[in-house]
Amino acid sequence: MIRDFFSHNFSKIQEINRKYATPNVEMSGWVKGSLLFLRLYLILLVGLLLYKFITLL
């Protein structure tokens with residue numbers, strides 16, 4: 001079922017990815033810094049989840 005979905009919509013997904021590959025919104029330095037901070041925070045949370053998962057095994 002999922003394979004059929006992707007095989008039928010693969011070209012549409014590629015078209016959407018090409019359209020939004022480059023952002024059209026100008027961001028200030030604070031916004032870029034905040035997004036970088038959020039990205040690092042997310043990586044930290046994923047790392048903590050993996051650590052907790054591994055230590056519980």
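Here are some friendly notes on the structure above, point by point.

1. **What you are looking at.** Please keep in mind that this is a predicted model. The protein chain contains two helices and zero strands. Helix 1 covers residues 2–19, and helix 2 covers residues 29–56. A loop lies between them, and Met27 is one of its residues.

2. **The overall shape.** How does the radius of gyration of the protein chain relate to that of a compact globule of 57 residues? The chain has 18 Å, whereas such a globule would have a value near 10 Å. If you draw a box around the C-alpha atoms along the principal axes, its sides come to roughly 40 × 40 × 10 Å.

3. **Buried or exposed?** Of the 57 residues of the protein chain, 0% count as buried. Being buried would take a relative accessible area under 20%. The accessible surface of the chain comes to about 6,100 Å², and carbon and sulfur atoms account for 70% of that surface.

4. **The loop between the helices.** Met27 sits in the loop between helix 1 and helix 2, and it counts as partly exposed because its relative accessibility is 36%, between the 20% and 50% cut-offs. Ser28 is in the loop between helix 1 and helix 2 too, and its 38% relative accessibility makes it partly exposed.

5. Pick two C-alpha atoms in the viewer and compare the sequence with the space. Met27 and Asn17 are ten residues apart in sequence, with 20 Å between their C-alpha atoms. Ser28 and Leu42 are 14 residues apart along the chain, and their C-alpha atoms are separated by 21 Å. For Ser34 and Phe6, the separation is 28 residues in sequence and 34 Å from C-alpha to C-alpha. Ser34 itself belongs to helix 2 and is partly exposed, with a relative accessible area of 39%.

6. **An aromatic pair.** How many aromatic pairs does a search of the whole structure find? The search finds one. Its partners are Phe37 and Tyr41, whose ring centres are 6.5 Å apart; their planes meet at 15°, so the pair is stacked. The cut-off for that word is an angle under 30 degrees. Phe37 and Tyr41 are four residues apart in helix 2, so about one helical turn separates them.

7. Is Phe37 buried or exposed? Phe37 has 55% relative accessibility, so it counts as exposed, the cut-off being over 50%. Tyr41 has a relative accessible area of 43% and is therefore partly exposed.

8. **A nonpolar patch on the surface.** Phe37 and Tyr41 also belong to a nonpolar surface patch. Its other members include Val25, Met27, Val31, Leu35 and Leu48. Together, the residues of the patch have about 930 Å² of accessible area. Leu48 has its place in helix 2, and at 48% relative accessibility it is partly exposed.

9. **What the record says.** In UniProt, an unreviewed entry places the feature "transmembrane region" at residues 36–54. In the model, that stretch is 100% helix and 0% strand.

Methods:
Residues are numbered from 1 along each chain as its sequence is written. This is a predicted model: local features need pLDDT of at least 70, side-chain atom pairs count only at pLDDT 80 or more; totals for chains, interfaces and linings use all residues. Side-chain values use heavy atoms; hydrogens and water are left out. Rings of Phe, Tyr and Trp (its six-membered ring) pair if their centres lie within 6.5 Å; planes under 30 degrees apart count as stacked, over 60 as edge-to-face and the rest as tilted. Buried means under 20% relative accessible area, exposed over 50%, partly exposed in between (1.4 Å probe, protein chains only). UniProt positions are given in the numbering used here, feature names are shortened, and annotations may be inferred rather than shown by experiment. Patches are made of residues with over 30% relative accessible area and no salt bridge: like charges are joined within 9 Å, nonpolar side chains (Val, Leu, Ile, Met, Phe, Trp, Tyr) within 5 Å. Accessible areas come from the Shrake-Rupley method with a 1.4 Å probe; for residues, only the protein chains shown count as cover. A salt bridge is a side-chain nitrogen of Lys or Arg within 4 Å of a carboxyl oxygen of Asp or Glu. The radius of gyration is taken over C-alpha atoms; the globule rule is 2.2 Å times the number of residues to the power 0.38.
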